[in-house]
Amino acid sequence: MVKEEIKAIVAAHIGDGHTADWDLEGLLADVSAIFPLPPELNVNALSQLKPEQIEDRLTQQAEALYEAREKELGSDNMRVLERLVMLRTIDNLWVEHLTAMENMRQDVGLYAMGRQRDPLVIYKNEGYRQFQSLLSTIQHDVVHTIYHVGIVRREAPGAPAQAVASRGGESKQRLKVGGRKVGRNDPCPCGSGKKYKKCCGR
């Protein structure tokens, strides 16, 4: 996904045009929004390369940073992070997409009447275009997020309960009076008149 996003950025700023038409500053600015670039990857350095070489060089930098990040977090944590970023991005954008499709469904009838075209054909074509736009936006948002987020370690939800249970499970020392232990059915030494087990022995 990162590779595809870099390819799209390179195509947008370089394309098939002449070197004089390249927007290398804009290219570096867009890539820097995804991940940090080393000083040697500058306009002068990229101007000496071919478009495919620029794409390869940026992709190598992206992969190196991603591998370093995975080594820092651990493979399992990195997979969790990827899933969280992907699911949150899709969830947010999917709601927007459904809203846009509903609005389009309401408007397409009037549009078709004005142009004397089949509203179903218009809806299908526009729906396909919007879905492709959705996929492109998902890719953009995931790639622009994954290098900038991390995992916050929190105390396991069961830990406090276990601590409480541990404190509650401590053995109780039976009260002694006059050198002997008070039986559970004996009168409580506090003078309440209740059995020890119903009073201070609870």
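In which helix is G26 found? G26 lies in helix α2, which covers residues 24-32, helices being DSSP runs of H or I with at least four residues, numbered from the N terminus. The model is predicted, so local features need pLDDT of at least 70 and side-chain atom pairs count only at pLDDT 80 or more, while totals for chains, interfaces and linings use all residues. Residues are numbered from 1 along each chain as its sequence is written, and side-chain values use heavy atoms, with hydrogens and water left out.

With a relative accessibility of 16%, G26 counts as buried, a term for residues under 20% relative accessible area with a 1.4 Å probe and protein chains only. Although 16 residues separate G26 from V10 in sequence, their C-alpha atoms are 9.8 Å apart in space.

Helix α1 (residues 2-13) meets α2 with axes that come within 9 Å and cross at roughly 160 degrees, the axes being lines fitted to C-alpha atoms over the stretch in contact, with angles from 0 to 180 degrees between N-to-C directions. This makes α1 roughly antiparallel to α2, as angles over 145 degrees are classed. On the α1 side the contact, meaning heavy atoms within 4.5 Å, is made by I9, V10 and H13, and on the α2 side by G26, L27, D30 and V31.

Elsewhere, helix α6 (residues 119-146) has 28 residues that should span 40 Å at 1.5 Å a residue, which agrees with the 40 Å between its end C-alpha atoms; the expected span is 1.5 Å times one less than the number of residues. Among the buried residues of α6 are I122, G127, Q130 and L134.

Methods. Helix = DSSP H or I, 4+ residues; strand = E, 2+ residues; numbered from the N terminus. Buried < 20%, exposed > 50% of the residue type's maximum accessible area, 1.4 Å probe, protein only. Parallel < 35°, antiparallel > 145°, perpendicular 65-115°, else oblique.
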